[in-house]
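Thanks for passing this one along. Here are my notes, written to be read with the model open beside you.

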Amino acid sequence: MKLRLSAFIALAFLLLSVNNMMAQGCTPNTSNTVIGYTPNPGIPVTQGVYYGQVQQLYVPLTYSSVTVDSINFASLSGLPTGISYTFNPASQTIAGGGNGCVWLYGLTTDTAGTYTIAWSGNVYTSLGTFPLSNFASQFSTTLSVLPHTT
């Protein structure tokens, strides 16, 4: 019994270490000037296989002749169960003309299919504040979950 407990504790420590290692984040690509997500759509997830991908984000300085002060990416919805994210910068706010990135990582056993990933938050402009959902075509993406085959 003592050996099983020791093995369980060792395995739990190993899994937590791997998860923390994989959740370390990303570095924004400051040469990226593609509005929204890059790449879009993201690389597919395979059920039961650990996943990790960087998605770059670019916020334009102007959009339809309106100055963009910043965008706050408050929360991300639609991820398959077991997939998490970290955002850089940690404030989840990108100034107009600036870059950020999202590190998507984890392991899912969720149903195979296509998941729409969308941000909620605010866009701060020279004309006022608008919900980020008004710009869903630029700041949403899809992520496919593929069935695990053996």
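1. Ground rules. This is a predicted model, where local features need pLDDT of at least 70 and side-chain atom pairs count only at pLDDT 80 or more, while totals for chains, interfaces and linings use all residues. Residues are numbered from 1 along each chain as its sequence is written, and side-chain values use heavy atoms, with hydrogens and water left out.

2. The open sheet. Four strands make up an open sheet in the order S1-S3-S8-S6, with antiparallel pairing. Strands here are DSSP runs of E, at least two residues, numbered from the N terminus; two of them pair if DSSP finds at least two bridges between them. Strand S1 (36-38) and strand S6 (83-88) sit at the edges, each pairing on one side only. On average, neighbouring strands of this sheet are turned by 25 degrees against each other, direction ignored (axes are lines fitted to C-alpha atoms, and angles run from 0 to 180 degrees between N-to-C directions).

3. S1 and strand S3 (residues 51-59) run antiparallel and are joined by three bridges. If you want a spot to look at, Thr38 stands opposite Gln56 in S3.

4. A hairpin. S9 and S10 are joined through two residues as a hairpin. They run antiparallel with four bridges between them, and Asn122 has Pro131 in S10 as its bridge partner.

5. The core. The largest nonpolar core has 24 residues, and Leu57, Ile71, Phe73, Trp119 and Phe139 have the most contacts inside it. Such a core is a set of buried Ala, Val, Leu, Ile, Met, Phe, Trp, Tyr and Cys residues joined through side-chain atoms within 4.5 Å; buried means under 20% relative accessible area, exposed over 50%, and partly exposed in between (1.4 Å probe, protein chains only). The elements giving two or more residues to this core are S3, strand S5 (66-77), S6, strand S8 (98-106), strand S9 (113-125) and S11.

6. The rings. Rings of Phe, Tyr and Trp (its six-membered ring) pair if their centres lie within 6.5 Å; planes under 30 degrees apart are stacked, over 60 edge-to-face, the rest tilted. The count comes to six aromatic pairs. Phe73 and Trp119 are edge-to-face, because their ring centres are 5.4 Å apart and their planes at 75 degrees. That pair links S5 and S9, 46 residues apart. Phe73 counts as buried at 0% relative accessibility, and Trp119 at 5%. Phe87 and Trp119 also have centres 5.4 Å apart, with planes at 85 degrees, so this pair is edge-to-face. Ring pairs link Phe73, Tyr85, Phe87, Trp119 and Phe139 into a cluster.

7. Gln138. Where does Gln138 sit? Its place is the loop between strand S10 (128-131) and strand S11 (140-146). The side chains of Gln138 and Tyr63 make a polar contact of 3.1 Å (a pair of N or O atoms within 3.5 Å; within protein, one must be able to donate a hydrogen and the other to accept it, and residues adjacent in sequence count only if both atoms are side-chain atoms). Leaving out residues up to four places away in sequence, Gln138 touches Ile35, Gly36, Tyr37 and Tyr63, where contact means heavy atoms within 4.5 Å.

8. Gly97. Gly97 lies in the loop between strand S7 (93-95) and S8 and, at 40% relative accessibility, counts as partly exposed. Neighbours within four places in sequence aside, Gly97 is in contact with Tyr58, Val59, Pro60 and Leu61.
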